[in-house]
Amino acid sequence: MSDTLTQRTPAHGAKPAWARDLPDTTEGGDPIVYGPRPLAPRIERVEPLDDYVLRVTFATGEVRHFDCTPLLDRGVFRPLRDDAAFRLVQPINDGGGIGWASGADLSRDTVYVAGTPV
């Protein structure tokens, strides 16, 4: 491995520079492992629309629609087939993702990359 790569890659378990002001553990005391810088800007707002689509507004002002339909037959997402439960979506982790009371969540990267620009 070259010296340049070694200098730019944090040691296993080391916190990358972009995460230095973020917590080391969850509220429950579990360690947080930070990887590469996220691809997407933080989520500022999420609005449930009809047909299990979310309108997500990012900190940059970009808006994307994210279709949750393909997820509704998978584990923790199954309870979201109930429209009332689906509509309880909100930003979580200071805009690092979106989540529901059922425990289902999606990262901002997932929503940004798989979402459709509006």
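Me: Which residues have the most contacts inside the largest nonpolar core?
Reply: Happy to start there, with a reminder that this is a predicted model. The largest nonpolar core has 20 residues. Strand S1 (43-48), S2 and helix H3 (108-114) are the elements that give two or more residues to this core. Those with the most contacts inside it are Leu54, Ile98, Trp100 and Leu106.

Me: Which element gives the most to this core?
Reply: Nonpolar side chains tend to be buried together in soluble globular proteins. Here, the element that gives the most, with three residues, is S2.

Me: Which residues does isoleucine 98 touch, not counting residues up to four places away in sequence?
Reply: Contact here means heavy atoms within 4.5 Å. By that rule, the residues touched by isoleucine 98 are Ile43, Val46, Leu54, Val89, Gln90, Pro91, Ile92, Ala104, Asp105, Leu106 and Val111.

Me: What is the order of strands in the open sheet of three strands?
Reply: The edge strands are S4 (90-92) and S6 (105-107), each pairing on one side only. Strand S5 (residues 97-99) is joined to S6 by three bridges, and the two run antiparallel. The order is S4-S5-S6.

Me: Which residue in the hairpin of S2 and S3 takes a positive phi near 95°?
Reply: Strand S2 (residues 53-58) and strand S3 (residues 63-67) pair in the antiparallel sense over five bridges. Among the partners are threonine 57 and, in S3, valine 63. The hairpin has four residues between the strands, and the residue with this positive phi is glycine 61.

Me: Which residue in S7 stands opposite arginine 64?
Reply: S3 is joined to strand S7 (residues 116-117) by two bridges, and these strands run antiparallel. Opposite arginine 64 stands proline 117.

Me: Does arginine 64 count as buried or exposed?
Reply: The side chain of arginine 64 meets that of glutamate 62 in a salt bridge (3.6 Å, N to O). Glutamate 62 is partly exposed, with a relative accessible area of 28%. For arginine 64 the relative accessibility is 12%, and buried means under 20%, so arginine 64 counts as buried.

Me: Which residues are linked with Arg45 in a network of salt bridges?
Reply: The structure holds six salt bridges. One of them joins arginine 55 to glutamate 47, with the closest N and O atoms 3.6 Å apart. Arginine 55 is partly exposed at a relative accessible area of 28%, and glutamate 47 is partly exposed at 23%. The residues linked with Arg45 are Glu47 and Arg55.

Note on methods
Residues numbered from 1 in each chain as written. Predicted model: local features only at pLDDT ≥ 70, side-chain atom pairs only at ≥ 80, totals over all residues. Heavy atoms only, no water. Pairing = 2+ DSSP bridges. Core = buried A, V, L, I, M, F, W, Y, C linked by side-chain atoms within 4.5 Å. Buried < 20%, exposed > 50% of the residue type's maximum accessible area, 1.4 Å probe, protein only. Salt bridge = Lys/Arg side-chain N within 4 Å of Asp/Glu carboxyl O.
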